[in-house]
Amino acid sequence: MITLDHVTKSYKEGTYALNDVNIEIEDGEFVFIVGSSGSGKSTFIKLLLRELQPTSGKIIVAGRDLSRLKSGQAAKFRREIGCVFQDFRLLPDRNVYDNVAFAQHVIGVSKKEIRKNVPPLLTMVGLSEKYRSLPGELSGGEQQRVALARALVNKPKLLLADEPTGNLDPGNSWEIMKLLEEVNNQGTTVVVVTHNLEIVNAMEKRVITMKKGVKVSDTKQDNLIVRN
Ligand code: ADP
């Protein structure tokens with residue numbers, strides 16, 4: 001699903017945000033990316049969404065070599081990936097239903113189809129009774145669940161979550177993580193960037209640790225080494 005092949009990203013000032021990183025994430029995996037601030041996590045997400053291009057190396061996401069996408073194709077590619085961010089990024093003047101429906105609308109799904117697709121997702125995230133609420137009328141946890149429903153409504157093969165629990169209390173953080181696990185169990189590849197080590201340790205998933213732009217550990221490979 002994701003290949004980073006000797007990827008380096010340096011910024012003009014000479015900072016190496018990523019330095020010769022190799023990562024392979026298979027279809028259907030659940031992977032945490034952890035590391036302290038400045039370790040390159042946001043750069044990694046931006047590269048996967050092709051908001052940035054690497055200085056060198058190759059990135060393949062869902063079978064596409066990102067360096068070969070033209071800008072029009074890049075926009076289309078981005079819409080095929082589900083994304084959840086720390087700050088929810090909901091449309092403040094649209095209700096819950098419309099926030100989720102909008103993701104379908106922009107890819108040209110008919111209103112009739114949208115009416116069929118949105119309610120099951122709102123049920124999944126436990127918000128079917130709040131479909132008419134505006135984001136400002138919801139708690140942080142509820143807003144993040146709307147964002148998750150929106151990220152999933154187009155049935156992406158890959159879900160990227162960038163600090164999805166960064167603004168949530170522990171109870172709501174766990175609810176979001178359990179939902180991400182459920183989504184993964186249904187076949188979606190899930191990549192979660194987080195600082196929340198308590199959750200990472202409890203979930204027992206693959207963990208890739210970054211430090212100053214370098215991958216310093218990967219539990220999948222560490223396990224392989226142990227087995228060898
Ligand atoms: P993280 O998300 O783990 O905090 P980042 O990917 O944001 O890490 O940053 C990695 C490194 O790249 C940091 O040293 C940061 O200062 C630098 N960096 C990030 N974005 C830029 C930018 N637009 N211009 C210059 N340096 C940047």
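This report describes the pockets, the cavity and the helix packing of a predicted model.

## Basis of the values

Residues are numbered from 1 along each chain as its sequence is written, and side-chain values use heavy atoms, with hydrogens and water left out. In this predicted model, local features need pLDDT of at least 70 and side-chain atom pairs count only at pLDDT 80 or more, whereas totals for chains, interfaces and linings use all residues.

## Largest pocket

The largest pocket holds about 490 Å³ of space. A pocket is an open set of points on a 1 Å grid over the protein atoms alone, with protein on both sides within 12 Å along at least five of seven lines; lining residues have an atom within 4 Å of a point. Points are joined across faces, edges and corners, and the volume is the space filled by probe spheres set on them.

Of the 17 lining residues, R78, I81, C83, A103 and R150 lie nearest the centre of the largest pocket. Two or more lining residues come from each of α2 (71-79), β6 (81-85), α3 (96-105) and α5 (140-152); helices (H or I, at least four residues) and strands (E, at least two) are DSSP runs numbered from the N terminus. β6 gives the largest share, 4 residues. By class, this lining has 10 nonpolar, 2 polar and 5 charged residues, where Ala, Val, Leu, Ile, Met, Phe, Trp, Tyr, Cys and Pro count as nonpolar, Asp, Glu, Lys and Arg as charged, and the others, Gly among them, as polar.

## Second largest pocket

About 270 Å³ of space lies in the second largest pocket. It is lined by 16 residues, with K41, S42, T43, K46 and D162 closest to its centre. Helix α1 (residues 41-48) supplies the largest share of this lining, 5 residues. The lining divides into 3 nonpolar, 6 polar and 7 charged residues.

## Cavity

The count comes to 1 cavity of 30 Å³ or more, a cavity being a set of grid points where a 1.4 Å probe fits but cannot get out. The largest cavity has about 40 Å³ of space. Its lining consists of Q53, P54, G57, K58, I59, L66 and S67, with 3 nonpolar, 3 polar and 1 charged residues.

The axes of α5 and helix α6 (residues 170-185) come within 9 Å and cross at roughly 15 degrees; axes are lines fitted to C-alpha atoms, for helices over the stretch in contact, and angles run from 0 to 180 degrees between N-to-C directions. α5 is therefore roughly parallel to α6, a term for angles under 35 degrees. The contact (heavy atoms within 4.5 Å) involves G141, Q144, R145, L148 and L152 of α5 and N172, E175, I176, L179, L180 and V183 of α6. By class, this contact has 6 nonpolar, 3 polar and 2 charged residues.

For α3 and α5, the axes come within 8 Å and cross at roughly 25 degrees, and the two helices are therefore roughly parallel to each other. V96, N99, V100 and A103 of α3 meet V146, A149 and R150 of α5.

## Packing of α3 with α4

α3 and helix α4 (residues 111-124) pack at an angle of about 125 degrees, with their axes 10 Å apart. The contact is formed by V96, Y97, V100, A101, Q104 and H105 of α3 and E113, I114, R115, N117, V118 and L122 of α4.

Conventions:
Angles under 35 degrees count as roughly parallel, over 145 as roughly antiparallel, 65 to 115 as roughly perpendicular and the rest as oblique.
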